[in-house]
Amino acid sequence: MLTRAAGRERVKGDRGQVRYPKTTLVLTLLVVVAGVLAVGYALRRPASPLAAVQSWDYQLQKLDLDRLARSKADMLVIDYSRTGHASGALTQAEVQRLQERSDGRRRLVIAYLSIGEAEEYRYYWRPEWKTEPPPWLFAENCRWPGNHLVRYWLDGWKEIVFRSPDSYLSRIVAAGFDGVYLDRVDAFWDLRERYPDGRAHMIELVGELAAHARRLRPGFLVIAQNAEALLDSPDYRASIDAVAKEDLLNGVSGTAIANDAALIGWSLDRLRLLTAEGKPVLAVEYLRTSEAIRAASARLTALGFLATFPTRALDGRDPLEPDPPALHETTGTPEFSVKHCL
């Protein structure tokens, strides 16, 4: 006699025992085997090298390789060049030197790469672009002279950043860096009124860049700075290995000024989408007193974030030292101006 229960077909035998059809048993066995294989794969899958990082340093200016080589940090985020120009680019041997710590342990060395702005001090910049800009060049960020917002979804910019054999990314990979630290991912927010599709374009750009980088070198790391508003996209989260968040607790209104609790909560809600997937959040706070650094460090550690405390100039100085007289520190988060400075 055939009966149906809970959507499954079953057969009652001579003694009233339930016997499932062979097809059901086979399907059940396949599901069990698939589950076992999936668990086995997860156990065998190598952990991200970021899992071993317990400390990190962030420096883009005045690179001193001797000092950096003595760093006790597990990861260094630095510029790929001493000067920003190709002439000052670090060699494979120099990158390898930074990766090999004095105690024999391996250190990650990550290269900075701005993907939302073009920088006049980079090898790719052409002086004639000031008067005859290419289609992808939008406007100078008047708060940061020499940095120009770009239409990052256009092919010309993608060729410069990652697509061509001589691209910025290709140079970084060839030098032996372990990954990239993507800046100005949040440029989509600056362009939102003129280009409402900019958010989707940025997610696409990061995904394309990450896939290309990992084809060049499997396991290449992609760390995105800020732009936590993109973390609600599963595709974006899948493209990156970590997020670095500047000024989470302090600094939006000015250096060392505490942020509004609602703003902090908004960021945390989105950052937790990444940590829920086992990916780390790196925190960058620009603080100038030991008391403030201790308090922020304790709070960030409690959140499960890995913090560093550089100067806002990112020049390798001790943040507790006074600024040189000629240095004028920029505070807060730059605001986009629609004024064209081209």
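**Inside a parallel sheet**

In strand S11, Leu 221, Ile 223 and Gln 225 point one way, while Val 222 and Ala 224 point the other way, and all of them are buried. This model is predicted.

Now look to either side of S11. Strand S10, residues 179–183, runs parallel to S11, and 4 bridges join the two. Tyr 181 has Ile 223 of S11 as its bridge partner. Strand S12, residues 242–246, also runs parallel to S11, joined by 3 bridges. Here Ile 223 has Ala 242 of S12 as its bridge partner. To get from S11 to S12, the chain passes through helix H8, residues 234–239, and this β-α-β crossover is right-handed.

Next, step back to the whole sheet. It is an open sheet of 8 strands, with parallel pairing, in the order S4-S5-S6-S10-S11-S12-S13-S14. Which strands stand at the edges? They are S4 (56–59) and S14 (306–308); each has a single partner strand, so one side of each is left without a neighbour in the sheet. Neighbouring strands of this sheet are turned by 25° against each other on average, direction ignored.

Strand S13, residues 281–284, pairs with S14 in the parallel sense over 3 bridges. Leu 282 has Leu 306 of S14 as its bridge partner. Helix H9, residues 261–275, lies across S12 and S13. H9 runs at about 160° to S12.

Another helix is worth a look. Helix H7 has 19 residues, 198–216. At 1.5 Å a residue, H7 should span 27 Å, and its end C-alpha atoms are 27 Å apart, which agrees. Which residues of H7 are buried? They are Gly 198, Met 202, Ile 203, Leu 205, Val 206, Leu 209, Ala 210, His 212 and Ala 213. An α-helix has 3.6 residues a turn, so residues three or four places apart point the same way.

Finally, take in the whole chain. The protein chain has 10 helices and 14 strands. Of its 342 residues, 46% are buried. Among contacts with a separation of 6 or more, 65% are between residues 24 or more positions apart. The chain exposes about 17700 Å², and carbon and sulfur atoms supply 55% of that area.

Methods. Residues are numbered from 1 along each chain as its sequence is written. This is a predicted model: local features need pLDDT of at least 70, side-chain atom pairs count only at pLDDT 80 or more; totals for chains, interfaces and linings use all residues. Side-chain values use heavy atoms; hydrogens and water are left out. Buried means under 20% relative accessible area, exposed over 50%, partly exposed in between (1.4 Å probe, protein chains only). Contact means heavy atoms within 4.5 Å. Accessible areas come from the Shrake-Rupley method with a 1.4 Å probe; for residues, only the protein chains shown count as cover. The expected span of a helix is 1.5 Å times one less than its number of residues. Two strands pair if DSSP finds at least two bridges between them. A crossover is right-handed if, with the strands pointing away from the viewer, the path from the first strand over the helix to the second runs clockwise. Axes are lines fitted to C-alpha atoms, for helices over the stretch in contact, and angles run from 0 to 180 degrees between N-to-C directions.
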